Amino acid sequence: MNYLFILCAAALTTTVAFAAEAPADAKTASDKLFTALVNDDYDAFIADGNDAFKGLKKEQFETVVQQLGPRIKAGYTVTYLGDLKEKGYAVTLWKITFKDGGDDLLGTLSIKDGKVGGFWIK
């Protein structure tokens, strides 16, 4: 009986965050990056990036567009999963669900000093 009380007390004093909202800058950047992928717009994709991100070659971008373009254009939903800190960057995690019913993907977006430092889709 004492164990039950301890578990209940622990549950009441523990704060759990569900359905958190993405940081505004990350949501804005994510929307811009996905729109650039949909529109096959390399310049828009790298526009808000830091110097290293702007070093992404157009051919690399086009490869991603060729691979994901048809699925993205058919419809998708991006869901914010959470965030973490990594090497001075604010990293947000995103679940990408496609309307074609295929596999979901995981996206990570790294931002530092208002600039995109990385955007990976796995």
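Residues are numbered from 1 along each chain as its sequence is written. Because the model is predicted, local features need pLDDT of at least 70 and side-chain atom pairs count only at pLDDT 80 or more, while totals for chains, interfaces and linings use all residues; side-chain values use heavy atoms, with hydrogens and water left out.

Start with the overall layout. The protein has 5 helices and 4 strands, taken as DSSP runs numbered from the N terminus (H or I and at least four residues for helices, E and at least two for strands). Along the sequence they come in the order α-α-α-α-α-β-β-β-β. Out of 122 residues, 30% count as buried; here buried means under 20% relative accessible area, exposed means over 50%, and partly exposed is in between (1.4 Å probe, protein chains only).

The buried residues of α2 are A26, A29, S30, L33, F34, A36 and L37. They sit on the same side of the helix, because they cover an arc of only 155° around the axis, the arc being that of the directions from the helix axis to the C-beta atoms. After α2 comes D40, which has a positive phi near 50°.

That brings up the core. A nonpolar core is a set of buried Ala, Val, Leu, Ile, Met, Phe, Trp, Tyr and Cys residues joined through side-chain atoms within 4.5 Å. The largest one has 24 residues, and L33, L37, F45, F53, L109 and F119 touch the most other members. At least two residues each come from α2, α3, α5, β2, β3 and β4 (115-121), with the largest share, 6 residues, from α2. Leaving out residues up to four places away in sequence, L109 touches A26, A29, S30 and L33, and its other partners include W94, V116 and F119.

Then there are the charges. Side chains of opposite charge can pair when their charged atoms come close. The whole structure holds 4 salt bridges, each being a side-chain nitrogen of Lys or Arg within 4 Å of a carboxyl oxygen of Asp or Glu. In one of them, K27 pairs with D31, with the closest N and O atoms 2.9 Å apart. Both lie in helix α2 (residues 24-38), 4 residues apart, or about one turn of the helix. K27 is partly exposed at 39% relative accessible area, and D31 is partly exposed at 35%.

D48 and K32 form another salt bridge, at 3.2 Å from N to O. This pair links distant parts of the chain, 16 residues apart: D48 is in the loop between α3 (42-46) and α4 (51-54), and K32 is in helix α2. D48 is partly exposed at 30%, as is K32 at 43%.

R71 and D100 also pair up, their closest N and O atoms being 2.8 Å apart. Here too distant parts of the chain are linked, with R71 in helix α5 (residues 58-74) and D100 in the loop between β2 (89-98) and β3 (105-112), 29 residues apart. D100 is partly exposed, at 44%.

Note on methods: Contact = heavy atoms within 4.5 Å.
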